[in-house]
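Please look over the sequence and the three-dimensional structure shown here before reading the report that follows.

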Amino acid sequence: MPRPRNHRPPLTKRTIDAAKPDPKSRKEGGKDRFLWDGQEHGLGVKITPAPHGSKIFIFQKSVHGRLKRITLGHHGDLSLEMSRNRARHLNGEISNGRDPVAEAKAEREEHEHRERSELTVSDLWERYSAEIVSVENRPSTAIEKRRMW
């Protein structure tokens, strides 16, 4: 039998703005703080420790028995209402059996693979020449390597 959930009040802009980060830095053992929304299941705000103390909207949900956490955006760049809409959309995708984290990872890998396969030998030589030959070789060696190419 699932345990009963504690009632959480809905997040407001005022509560997010008033939330303070852990005064210790990560090096001093400071930890992330989380504020969870009572209105949209899985939506929260992660507050990183000092000195920066940034506030990031996150979505956290169990997918196929594994806990997944998705960054939605920074507070200020993304409004609370926009993050709720995004969380509602993600909840719908997960309830339909999809895994948005795995899909995003596959899309990223596909993009990287496509980008790598589009490079030609000439492109690679130009990059090698600019980053390695010009920087790490003597001028006479650089001239000789360019001549051989």
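## Surface, fold and strands

The accessible surface of the chain amounts to about 11,100 Å², and carbon and sulfur atoms hold 53% of it (areas come from the Shrake-Rupley method with a 1.4 Å probe, and for residues only the protein chains shown count as cover). This is a predicted model, in which local features need pLDDT of at least 70 and side-chain atom pairs count only at pLDDT 80 or more, while totals for chains, interfaces and linings use all residues. Residues are numbered from 1 along each chain as its sequence is written, and side-chain values use heavy atoms, with hydrogens and water left out.

The chain contains five helices and four strands, arranged along the sequence as α-β-β-β-β-α-α-α-α (helices, H or I of at least four residues, and strands, E of at least two, are DSSP runs numbered from the N terminus). Its C-alpha atoms fill a box of roughly 75 × 40 × 30 Å along the principal axes.

Of the 149 residues, 29% are buried, a term for under 20% relative accessible area with a 1.4 Å probe, protein chains only. In strand β3 (residues 55–63) seven of the nine residues are buried, so this strand is largely enclosed by the rest of the structure. Strand β3 has the pairings listed below, where pairing requires at least two DSSP bridges between the strands.

| Strand pair | Sense | Bridges | Residues standing opposite |
|---|---|---|---|
| β2 (residues 43–47) and β3 | antiparallel | five bridges | I47 and K55 |
| β3 and β4 (residues 66–74) | antiparallel | eight bridges | I56 and H74 |

Two residues lie between the strands in the hairpin of β3 and β4, where H64 takes a positive phi near 55°.

Notes
Buried < 20%, exposed > 50% of the residue type's maximum accessible area, 1.4 Å probe, protein only.
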